[in-house]
Amino acid sequence: MSQNFQPPAPASYTAAPAPAPARGNVGLGVVAAVVAALVAIGVYGAIIKATEHEIGYAAVGVGALIGFAAGKVGGRNIALPVLGALLSIVAVLAGQMFGLALIAADALQVSAVDILVEDTSALIEAWKTDANPLTFLFLAIGGYAAFTVARKIAD
């Protein structure tokens with residue numbers, strides 16, 4: 001027999017376990033939360049355009065989506081719920097602005113991108129004019145939803 005001969009593995013031999021999924025990675029949690037925020041901005045803006053007013057449950061959905069992404073991918077880290085809450089507030093605000101831009105674009109027969117890029121100051125003024133206590137309540141609700149979901153969903 002050759003000295004390079006390898007005997008067969010015993011019957012009790014098992015293959016190495018598959019690598020664990022990427023969880024507990026704060027960087028990936030941040031990336032997932034940002035991607036979720038971008039998606040939520042588009043969806044919330046479309047909902048506002050379709051209904052022509054803000055919906056509180058949609059703000060909760062924005063926060064829940066961002067918190068879920070941050071907590072599920074990022075795992076337990078005290079920074080992720082806080083980041084999720086801040087991103088959610090920004091996403092709800094940006095979704096409101098995007099919704100206004102979609103409504104204005106439809107009314108003026110121009111592109112929403114033109115309004116967002118060229119008439120940003122007019123868009124901000126329109127948002128300020130439309131803002132009421134419920135607007136700020138929806139911002140807070142979205143942030144709270146993101147914070148609680150991120151804390152609860154993390155392992």
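Here is a friendly conversation about a predicted model and the reasons behind the terms used for it.

Biologist: Let's start with the overall build: how many helices and strands does the chain have?

Modeller: The chain has six helices and zero strands, so from the N terminus on the elements read α-α-α-α-α-α. Of its 155 residues, 34% count as buried.

Biologist: What makes Trp 127 buried or exposed?

Modeller: The cut-off for buried is under 20% relative accessible area. Trp 127 has 13%, so Trp 127 counts as buried. Its place is in helix H5.

Biologist: Which residues does Trp 127 touch, not counting residues up to four places away in sequence?

Modeller: Trp 127 touches Leu 93, Gln 96, Met 97, Leu 100, Thr 135 and Phe 136. Take Met 97 as an example: Trp 127 and Met 97 are 30 residues apart in sequence, yet 6.7 Å apart in space, C-alpha to C-alpha.

Biologist: Phe 136 is on that list; what makes the rings of Trp 127 and Phe 136 a pair, and of which kind?

Modeller: Ring centres must lie within 6.5 Å to pair, and here they are 5.9 Å apart. Planes over 60 degrees apart count as edge-to-face; these stand at 80°, so the pair is edge-to-face. By this rule the count comes to one aromatic pair.

Biologist: And Phe 136 itself, is that residue buried, partly exposed or exposed?

Modeller: Phe 136 has 47% relative accessibility.

Biologist: Let's turn to the cores. Which residues have the most contacts inside the largest nonpolar core?

Modeller: They are Tyr 44, Val 62, Ile 66, Ala 91 and Val 92, in a core of 20 residues. Helix H1 (26-51), helix H2 (56-74), helix H3 (79-108) and helix H6 (133-153) each supply at least two residues of this core. H1 gives the most, with eight residues. A second, separate core of nine residues includes Leu 100, Ala 105, Leu 123 and Trp 127.

Biologist: What is Val 92 in contact with, leaving aside its neighbours within four places in sequence?

Modeller: Val 92 is in contact with Tyr 44, Ala 59, Val 62, Phe 138, Leu 139 and Gly 142. For the chain as a whole, residues 24 or more positions apart account for 79% of the contacts with a separation of 6 or more.

Biologist: Now the charges: why is the meeting of Lys 49 and Asp 106 called a salt bridge?

Modeller: Side chains of opposite charge can pair when their charged atoms come close. The cut-off is within 4 Å from nitrogen to carboxyl oxygen; the side chains of Lys 49 and Asp 106 meet at 3.9 Å, N to O, so the term salt bridge applies. The pair links distant parts of the chain, with Lys 49 in helix H1 and Asp 106 in helix H3, 57 residues apart. Lys 49 is partly exposed at 32%, and Asp 106 is partly exposed at 47%.

Biologist: Which residues make the nonpolar surface patch?

Modeller: Val 31, Val 35, Val 39, Val 43 and Leu 65 make a patch of about 400 Å². The largest share, four residues, comes from H1. Patch residues need over 30% relative accessible area; Val 35, in helix H1, has 47% and counts as partly exposed, so Val 35 passes that cut-off.

Notes: Residues numbered from 1 in each chain as written. Predicted model: local features only at pLDDT ≥ 70, side-chain atom pairs only at ≥ 80, totals over all residues. Heavy atoms only, no water. Core = buried A, V, L, I, M, F, W, Y, C linked by side-chain atoms within 4.5 Å. Buried < 20%, exposed > 50% of the residue type's maximum accessible area, 1.4 Å probe, protein only. Contact = heavy atoms within 4.5 Å. Phe/Tyr/Trp six-rings, centres within 6.5 Å; stacked < 30°, edge-to-face > 60°. Patch = residues over 30% accessible without salt bridge, like charges linked within 9 Å, V, L, I, M, F, W, Y side chains within 5 Å. Areas by Shrake-Rupley, 256 points an atom, 1.4 Å probe, with all protein chains shown as cover.
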